[in-house]
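I opened this notebook to keep track of what I looked up in the structure, entry by entry.

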Amino acid sequence: ICDTTFTLKHGLQNHIASVHDGKKPFKCEICSTCFALKPNLKKHVASVHDGKKPFKCEICTASFVHKSEMKRHIGSVHEGIKLFKCEICSTSFTQKPTLKRHVASVHEGIKPFRCELCSSSFALKISLKRHMVSVHEGNKPFKCDICDMGFIEKYILQRHTASVHEG
């Protein structure tokens, strides 16, 4: 089916079920994102909705779920390493898939994820999901104590508080 290899049989079975058969039985109650494995759902809730990011950048206040994300952050933000450059607008990226997505969405206008309720379209599936949850379902569990605005994710509330109420 594909070239992915596994050392353990259950790894292969999980891969086939989630990637090729689309089975993702573990659903996030906050944003409806589904996962093939329960630990992945727990990690998602902790990092995305609870804001738990154990890997802290020693240079700034940024924090990350994965160590690899922190290393990429240090390289791109603090060391200026962005190896993948757009030939159209010269914007640089730290990862090749991000450059490809940029070209497709910004320069080619490809936004394959379309909202069936209002026809807004998005380059990323996660952006469509966030749109559905926040705009059409009105699910914004993180409320600002000062102005009562609601947000779908904790980090967006924190950014709002810092920019609107503190600065």
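I began with the term itself: a disulfide is a pair of cysteine sulfur atoms within 2.5 Å. I kept in mind that this is a predicted model, in which local features need pLDDT of at least 70 and side-chain atom pairs count only at pLDDT 80 or more, while totals for chains, interfaces and linings use all residues. Residues are numbered from 1 along each chain as its sequence is written, and side-chain values use heavy atoms, with hydrogens and water left out.

**Cysteines.** I searched the whole structure and found zero disulfides. C89 is in no disulfide, and its nearest cysteine sulfur, that of C86, is 3.8 Å away. I then looked up C144, whose sulfur is 3.8 Å from the closest cysteine sulfur, in C147, which is too far for a bond.

**Accessibility.** I used relative accessible area, where buried means under 20%, exposed over 50%, and partly exposed in between (1.4 Å probe, protein chains only). By this scale C89, at 35%, counts as partly exposed, whereas C144, at 4%, counts as buried. D145 counts as exposed at 79%, and I placed D145 in the loop between β9 (142-143) and β10 (150-151); helices (H or I, at least four residues) and strands (E, at least two) are DSSP runs, numbered from the N terminus.

**Helix α6.** Which residues of α6 are buried? I noted I156, L157, H160 and T161. Seen down the axis of α6, the buried residues fall within an arc of 140°, so they line one face of the helix; the arc is that of the directions from the helix axis to the C-beta atoms. The buried residues of α6 pack against β9 and β10. Taking contact as heavy atoms within 4.5 Å, and leaving aside neighbours within four places in sequence, I found L157 in contact with F142, K143, C144 and F151.

**Core.** A nonpolar core is a set of buried Ala, Val, Leu, Ile, Met, Phe, Trp, Tyr and Cys residues joined through side-chain atoms within 4.5 Å. The largest one has eleven residues, among them C144, F151, I156 and L157.

**Helix α5.** I listed L128, H131, V133 and S134 as the buried residues of α5, and what covers them includes β7 (113-114) and β8 (121-122). V133 is also one of the residues in the largest nonpolar core. After α5 comes G138, whose phi is positive, near 65°.
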